[in-house]
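User: I've got this one open in the viewer and would like to talk through how it is put together. Can we take it piece by piece?

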Amino acid sequence: MICRMTEDLRVLITVKTCPIPSAKYDELVCTAGVTEAGDFVRLYPINFRDLPFSSQFKKYQWMDVEATKHIGRDSRKESYRPNSETIRLIGEPISSRGNWVERARYALAKKSRSMEDLYDKKASDRTSLGVFKPKTVHDITITKTEPEWDPRFLNALKQQRLWENRTASKEPPRKVPFKFQYRFECDDSRCTRNHKMMIEDWEIGALYWNCVDGGSSPDDACQKVKQKFLDQICAPERDTHFYVGTVLAHGTWVVIGTFWPKLVLPCEPVSMSLFEW
């Protein structure tokens with residue numbers, strides 16, 4: 001029997017991925033962030049919708065939580081299993097004032113140069129989380145997928161909630177019937193081809209369903225998602241970075257969030273530079 005040591009973690013939440021049904025964890029949300037030293041941390045499983053309101057964290061909010069390192073199947077060095085009952089939120093989320101400078105102090109403290117750097121780190125030390133600035137974001141491709149979750153997951157979820165006497169009104173998260181992928185290139189001589197990477201950011205699903213619930217057709221909702229995540233977030237006047245992480249089952253990288261303050265040119269006077277940390 002392996003004894004796992006509990007650690008007290010203080011994490012600045014930077015991303016949440018889209019919730020998906022899980023036969024093992026009921027509903028899986030992967031949450032990631034950084035420590036005060038800028039080290040990346042992955043926290044899962046967290047059944048976010050079941051958390052009490054006082055524990056429902058926001059992006060760029062500090063959290064204290066007791067957690068243990070994942071072992072066995074998940075050997076990724078940043079992965080921790082949190083005790084959701086110990087979550088304690090610290091103050092309000094860090095604001096975007098000063099062109100996100102306080103957020104950048106932690107979120108970009110240990111950023112990588114490119115995806116190529118992250119591929120190398122994954123091979124050398126099992127790195128599975130990172131942040132970097134793409135040189136050019138060319139497009140978002142949209143592909144239609146299955147409109148419903150795998151029935152096996154839904155049946156397992158139904159049985160588990162009956163066993164746990166969960167409220168009947170608590171439905172599984174809605175599945176977005178489209179796949180969104182960034183197509184981009186890195187500022188790295190080793191980047192000889194365009195990357196095409198799935199977007200798993202919680203906010204992309206939330207935006208899609210907000211548009212549909214507001215009366216947009218699925219196709220119109222997709223175009224509004226593209227306008228936000230490509231034309232706005234990745235606009236030339238934005239200093240856009242991608243948060244990325246690996247999928248446990250396949251080891252492939254996906255985009256799990258974005259960091260997109262205004263681009264500050266060297267000649268522009270600013271009250272505080274992004275590099276004064």
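This is a predicted model: local features need pLDDT of at least 70, side-chain atom pairs count only at pLDDT 80 or more; totals for chains, interfaces and linings use all residues.

User: Which strands form the open sheet with β9, and in what order?
Analyst: The sheet is open and has three strands, with antiparallel pairing. Neighbouring strands in it are turned by 25° against each other on average, direction ignored. Reading across, the order is β9-β13-β14.

User: Why is one side of β9 and of β14 left without a neighbour in the sheet?
Analyst: β9 covers 129-132 and β14 covers 253-259. Both strands stand at the edges, so one side of each has no neighbour in the sheet. The reason comes down to partners: each has a single partner strand.

User: How many bridges join β9 to β13, and which residue stands opposite G130?
Analyst: β13 spans residues 241-246 and runs antiparallel to β9, with four bridges joining the two. For G130, the residue opposite in β13 is V244.

**Around helix α2**

User: Why do the buried residues of α2 lie on the same side of the helix?
Analyst: In α2, residues 115-125, the buried ones are M115, E116 and L118. What covers them includes β9, β11, β12, β13 and β14.

User: What happens at the two ends of α2, and what phi does R126 take?
Analyst: At the start, a side-chain oxygen of S114 comes within 3.3 Å of the backbone nitrogen of E116. Just after the helix, R126 has a positive phi, and its value is about 70°.

User: Is S128 buried or exposed, and which side chain does its own side chain make a polar contact with?
Analyst: S128 sits in the loop between α2 and β9. Its relative accessibility is 1%, so S128 counts as buried. Leaving aside neighbours within four places in sequence, its contacts include R42, R76, V244 and W253. The polar side-chain contact, at 2.4 Å, is with E78.

**Cores and a loop tryptophan**

User: Which residues touch the most other members of the largest nonpolar core?
Analyst: That core has 50 residues. A second, separate core has 16 residues, including I13, V29, F57 and M63. In the largest one, the residues touching the most other members are M115, F180, Y182, F184, F242 and V244.

User: Which residues does F180 touch?
Analyst: Residues up to four places away in sequence are not counted here. With those set aside, F180 touches I140, T141, I142, M197, M198, I199, I204, C222 and V225.

User: Why does W149 count as buried, and which residue's backbone oxygen lies 2.8 Å from its side chain?
Analyst: W149 is in the loop between β10 and α3. It counts as buried because its relative accessibility is 17%, and the cut-off is under 20%. W149 and P177 are 28 residues apart in sequence and 9.5 Å apart in space, C-alpha to C-alpha. The backbone oxygen 2.8 Å from a polar atom of the W149 side chain belongs to P173.

User: Zooming out, what share of the contacts with a separation of 6 or more comes from residues 24 or more positions apart?
Analyst: The chain has five helices and 14 strands, and buried residues make up 47% of its 277 residues. Of the contacts with a separation of 6 or more, the share from residues 24 or more positions apart is 68%.

Technical notes. Residues are numbered from 1 along each chain as its sequence is written. Side-chain values use heavy atoms; hydrogens and water are left out. Two strands pair if DSSP finds at least two bridges between them. Axes are lines fitted to C-alpha atoms, for helices over the stretch in contact, and angles run from 0 to 180 degrees between N-to-C directions. Buried means under 20% relative accessible area, exposed over 50%, partly exposed in between (1.4 Å probe, protein chains only). Contact means heavy atoms within 4.5 Å. A polar contact is a pair of N or O atoms within 3.5 Å; within protein, one must be able to donate a hydrogen and the other to accept it, and residues adjacent in sequence count only if both atoms are side-chain atoms. A nonpolar core is a set of buried Ala, Val, Leu, Ile, Met, Phe, Trp, Tyr and Cys residues joined through side-chain atoms within 4.5 Å.
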